[in-house]
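Visitor: I'm new to this one. Could you walk me through how to read it?

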There are 2 protein chains.
Amino acid sequence: MAARLDEIARQAGVSKATVSRVLNERPGVSPRARSAVLTAMDVLGYERPNGLRPRSSGLVGLITAELQNPVFPFFAQVIETGLARHGYTAVLCTQTPEGAGEDEYVGMLLDRGVSGILFVSGLHADTTIDHSRYRGLRRQRLPIVFVNGDIPGLGVPCVSCDDVTAGRIAARHLVELGHRRIGFLSGPLRYSTVQRRLAGFRASLRELGLGHDTDDLVELSPFDVEGGQSAASLLVQRGATALVCGSDLMALGAVRAVRRHGLRVPEDVSVVGADDSPLMSFTDPPLTTVRQPVQAMGVAAVRALLDEIKGRPARAAEYLFQPELVVRASTRARWASHDRNAPPEPVL
Amino acid sequence: MAARLDEIARQAGVSKATVSRVLNERPGVSPRARSAVLTAMDVLGYERPNGLRPRSSGLVGLITAELQNPVFPFFAQVIETGLARHGYTAVLCTQTPEGAGEDEYVGMLLDRGVSGILFVSGLHADTTIDHSRYRGLRRQRLPIVFVNGDIPGLGVPCVSCDDVTAGRIAARHLVELGHRRIGFLSGPLRYSTVQRRLAGFRASLRELGLGHDTDDLVELSPFDVEGGQSAASLLVQRGATALVCGSDLMALGAVRAVRRHGLRVPEDVSVVGADDSPLMSFTDPPLTTVRQPVQAMGVAAVRALLDEIKGRPARAAEYLFQPELVVRASTRARWASHDRNAPPEPVL
DNA sequence: AATATTGCCGCAATTTCCTGCAACGCATTC
DNA sequence: GAATGCGTTGCAGGAAATTGCGGCAATATT
């Protein structure tokens with residue numbers, strides 16, 4: 001039995017040096033020789049090293065955390081449309097608690113020879129998870145881009161919403177409305193986006209001289225309606241008159257919790273959501289929320305990935321997109337008896 | 001009986017040291033040796049320890065129309081969870097107007113060697129589209145299942161919501177509330193689900209002696225919020241006091257249209273949605289809607305597909321799932337002056 | 001038309017890294 | 001507690017892959 005390179009070389013009618021050059025994508029190989037080698041490999045049944053596989057007509061993996069939160073389908077839609085406009089096809093892989101994990105999906109996508117992978121709020125946003133897996137992908141020269149969750153030092157482009165600013169915006173809005181006891185509820189602290197948002201929230205309150213008032217008004221729970229409801233319930237019991245929520249879904253749960261306590265939104269308790277997912281203008285009450293510029297972020301993520309694929313890697317910075325306060329009807333001014341400079345009633 | 005490592009090593013033609021390295025995912029093992037070991041393990045019937053399971057098998061395509069309507073992500077989630085529970089991985093392919101078409105996705109999935117394809121409200125539900133493509137798939141013995149949109153005569157299992165009944169339920173509910181001029185708005189008539197729902201709606205009204213009242217109260221428009229709004233606007237102008245909508249999204253648009261006309265929901269105009277997508281209990285007003293049993297349907301679709309894959313094709317009937325009226329707060333009784341038997345005010 | 005230039009390929013030296021042997025660690029059993 | 005069986009790991013031999021360099025052919029240049 002001949003050695004592998006030798007065997008391929010003989011089948012292709014070239015020397016094993018040429019085969020080696022093809023496999024390592026070195027320069028100095030004619031297209032004719034290259035295709036001869038590749039064909040020989042196929043004929044002999046050798047698996048092509050990743051990167052030389054017929055990168056199937058522009059297939060791109062899109063890995064996302066879940067679909068429950070409407071912001072994720074929204075992201076998926078935007079990204080998919082953007083990719084389609086450039087001739088790429090998105091394969092959406094969503095993770096479920098009991099379903100396939102991210103690693104399995106990545107393996108599958110690699111097997112399928114995707115041109116690149118987009119990670120939207122996946123494991124990369126979890127700071128407690130080992131990130132060596134991404135280093136491995138990087139080493140394989142697989143173009144990847146993160147959305148909402150940078151991992152510095154990996155050289156992977158990342159498109160994020162500026163969560164620190166988002167936290168500040170929410171805090172400032174409520175303080176301007178006269179609130180003093182402002183609760184913060186969000187998902188598990190292991191997510192970098194939660195950490196950042198909380199940091200911005202706290203920094204903003206400290207600057208406004210309210211830091212000590214809200215030290216005990218932070219509750220973290222799962223990222224869904226029920227989590228928001230239970231966290232909000234605790235915060236309301238502790239006297240919070242306003243709630244900053246980690247997602248719109250949690251905000252809806254918070255509204256429900258407030259009402260279960262016999263209070264009204266926004267008359268008694270103000271609620272601020274996050275993301276401005278679709279349909280949030282249809283809720284009761286229409287939700288004041290900190291919009292994440294999903295459209296722009298999706299387009300930017302697609303552009304970054306295409307740059308990576310095309311071989312002109314942009315500098316691997318984190319592109320921060322600015323969130324924006326969308327004032328609807330779940331927040332209202334609060335008259336504080338001790339506050340002489342109470343803000344005016346908001347225009348509805 | 002030899003020891004395990006030894007046995008595998010002999011079968012694979014390597015030393016037990018190499019086998020050990022493969023099982024522990026240690027570096028320094030050639031791909032060839034690795035695959036030899038893995039194959040040997042399969043041959044000898046040993047279970048692969050960790051994430052070394054073959055994932056290429058057990059890939060299932062899931063083709064869906066869009067992600068805007070929250071019911072589709074919901075379907076995707078349910079189906080994906082169900083597939084994962086049986087060791088299959090779902091690849092979600094969503095169609096966008098300018099994006100990749102269903103045919104492209106099918107081609108891609110075939111290239112990838114999927115075990116089967118699930119079509120959720122795809123082209124198969126469009127009666128104006130040529131269905132020979134599915135015949136082709138069928139001829140290739142590819143297991144496929146339709147959700148919401150049967151094509152009789154193809155022998156493809158289909159899991160649907162009973163749209164005729166859904167139309168009847170909505171109509172009956174509104175008639176019982178005293179409404180007489182009931183509008184119907186939905187998506188393009190080329191979708192079989194629209195046809196059926198309209199048929200059920202009309203049949204029910206006819207049976208109740210109201211057929212002639214609503215002949216001119218049907219408006220078809222695109223399947224989104226804006227479509228619902230424009231259709232509802234026309235119907236309200238024509239004096240409709242209740243609206244049956246083809247989707248929850250359209251219903252939300254309808255609510256908006258009613259309010260643009262200076263009327264209230266449900267006091268002046270009642271609105272009934274369709275599907276009971278997630279979040280519909282949080283809308284303003286909470287939407288009365290005809291629930292589609294997504295969970296049950298998803299599970300049934302997965303089961304049907306697995307049966308097809310396993311080679312015991314169930315009889316290719318259309319499995320009809322019964323919808324269910326979910327009464328929330330977007331419908332209310334209407335006192336008709338000429339109606340002596342006006343129904344009582346509904347309990348809220 | 002002769003020659004310079006460029007780029008491609010093969011030989012062979014060199015390097016890398018796979019592999020098996022055998023020793024070692026660890027648990028189970030007598 | 002010793003023996004035994006099983007899995008792991010350090011090490012060295014060696015095969016396989018990489019790469020520098022020279023040759024060769026095709027094309028451009030004068």
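This is a predicted model: local features need pLDDT of at least 70, side-chain atom pairs count only at pLDDT 80 or more; totals for chains, interfaces and linings use all residues.

Visitor: Let's start where the chains meet. How many residues of chain A are in contact with chain B?

Guide: Counting contacts tells you who takes part: 39 residues of chain A touch 37 residues of chain B.

Visitor: And how do I put a size on that interface?

Guide: The size of an interface is often given as the accessible area lost when the parts come together. Here chain A and chain B bury about 3,500 Å² between them, and 59% of that is on carbon and sulfur atoms. On the chain A side, the residues that lose the most area to chain B are A:Gln77, A:Arg112 and A:Phe282, together 20% of what that side buries.

Visitor: Which elements of chain A give two or more residues to the side that touches chain B?

Guide: Those are helix H4 (71-85), strand E2 (89-94), H5 and helix H10 (248-260) of chain A. H4(A) has the largest share, with seven residues.

Visitor: How many salt bridges cross the interface?

Guide: The rule finds zero salt bridges between chain A and chain B. It does find nine residue pairs in polar contact across the interface, both partners at pLDDT 80 or more.

Visitor: Now the cavities. How many are there of 30 Å³ or more?

Guide: Five of them reach that cut-off. The largest cavity holds about 50 Å³ of space.

Visitor: What lines the largest cavity?

Guide: Look at both chains. The lining includes A:Leu59, A:Met108 and A:Arg112 from chain A, and B:Leu59, B:Met108, B:Arg112 and B:Val114 from chain B. Helix H5 (102-111) of chain A and helix H5 (102-111) of chain B are the elements that each give two or more residues to this lining. By class, the lining has nine nonpolar, no polar and two charged residues.

Visitor: Last stop, the backbone. Where is there a cis peptide bond in chain A?

Guide: Check the omega angle: the bond joining A:Asp284 and A:Pro285 is cis, with omega about -5°. A:Pro285 sits in the loop between strand E9 (270-275) and strand E10 (288-291) of chain A. In chain B, a cis bond joins B:Asp284 and B:Pro285, with omega about -5°.

Visitor: What is the phi of B:Asp275?

Guide: Phi is near 100° there, a positive value in a residue other than glycine. You'll find B:Asp275 in strand E9 of chain B.

Conventions:
Residues are numbered from 1 along each chain as its sequence is written. Chains are lettered from A and ligands numbered from 1 in the order in which they are written. Side-chain values use heavy atoms; hydrogens and water are left out. On a 1 Å grid over the protein atoms alone, a cavity is a set of points where a 1.4 Å probe fits but cannot get out, and a pocket is an open set with protein on both sides within 12 Å along at least five of seven lines; lining residues have an atom within 4 Å of a point. Grid points are joined across faces, edges and corners, and a volume is the space filled by probe spheres set on the points. Helices (H or I, at least four residues) and strands (E, at least two) are DSSP runs, numbered from the N terminus. Ala, Val, Leu, Ile, Met, Phe, Trp, Tyr, Cys and Pro count as nonpolar, Asp, Glu, Lys and Arg as charged, and the others, Gly among them, as polar. Contact means heavy atoms within 4.5 Å. Buried area is the accessible area (1.4 Å probe) that two parts lose on being put together, summed over both. A salt bridge is a side-chain nitrogen of Lys or Arg within 4 Å of a carboxyl oxygen of Asp or Glu. A polar contact is a pair of N or O atoms within 3.5 Å; within protein, one must be able to donate a hydrogen and the other to accept it, and residues adjacent in sequence count only if both atoms are side-chain atoms.
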